[in-house]
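Please look at the model before reading on.

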Amino acid sequence: MIVPYYGLQAQSEYCTRHVTQKFLSPEKSYLSYYDVLLTVEDIKSLKNDWLTDNNIAFWEEYLERETLPRYPQARIVLLRPSMSFLLMKEPDIRHVRSALPDFSKVTHVFLPINDNRNVSVAEGGSHWSLLLVSLLDGIAFHYDSLGGANFAEANLATRRMGEVVGRQMRFINLEDSPQQENGSDCGVFVCLLMRHLLVKRLLSANAREKVSMSMAGKMVDSNGGRKEMLRIIENLRKEGERRRSRSASPFTNKTPPRIE
């Protein structure tokens, strides 16, 4: 079973903290991919800068649409950055539960973790890391490409997930997580490690098999990862352009290529 992401359900400042009028102006739009709108600014960031919320949300949407359908037995949720932010910042656990999916039949949850501490600042924070929560085992594994920079944030997200599902969660900060060599690749590491853990570990394992969550010896090609993600986006954009040309209207030149 594929667990859907309820991106449209939560309508709060937490869910839309990275969306401003500037980003949504038609001339800035680049690609509309299901629930994610990528902008020219997002593409610039993906090329050589710190990944935006939209970049990571797109990658999760892409994995959900292109990878998870091949594994109908999977019960895995990829939470968007906005949902992880809400989980950590919304004090009322009832509001959090109402915004998040039903985890009763979910085995694992991926959460992008950001160190933004100001709910009023769009695209705040300066570092991404990845939290993989095994609801089956009651353990949360934290992958931080900058030492333990997001230790406190990931630990908080783990405690809050425990409150949401009604059980205590054990937090493990994996010290063997691959480390970035600059100050801007953290988001790329999150995306590439997420795919590796999803495809090579969880989805390829037998039902009774114990899966190692260690990343010891794992190499991450961040530059290659950026190029791959850009290539995927460009291919989708071309497909969106083809669809738009087949259904030409007076308004098509004012909207981004759309895939859905």
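## Basis

The model is predicted: local features need pLDDT of at least 70, side-chain atom pairs count only at pLDDT 80 or more, and totals for chains, interfaces and linings use all residues. Residues are numbered from 1 along each chain as its sequence is written, and side-chain values use heavy atoms, without hydrogens or water.

## Strands S6 and S7

S6 (residues 139-143) pairs with S7 (residues 170-173) in the parallel sense, over four bridges. Pairing requires at least two DSSP bridges between the strands; strands are DSSP E runs of at least two residues, helices H or I runs of at least four, numbered from the N terminus. Phe 141 lies opposite Ile 172 of S7.

Between S6 and S7 the chain passes through helix H6 (residues 151-165), a right-handed β-α-β crossover. Right-handed means that, with the strands pointing away from the viewer, the path from the first strand over the helix to the second runs clockwise.

## Nonpolar cores

A nonpolar core is a set of buried Ala, Val, Leu, Ile, Met, Phe, Trp, Tyr and Cys residues joined through side-chain atoms within 4.5 Å. The largest has 48 residues, of which Leu 31, Phe 58, Phe 110 and Tyr 143 touch the most other members. Helix H7 (residues 186-202) gives the largest share, 11 residues. A second, separate core of 25 residues includes Ile 93, Leu 100, Ile 113 and Ala 154.

## Leu 202

Leu 202 is in helix H7. Leu 202 counts as buried because its relative accessibility is 14%; buried means under 20% relative accessible area, exposed over 50%, partly exposed in between (1.4 Å probe, protein chains only).
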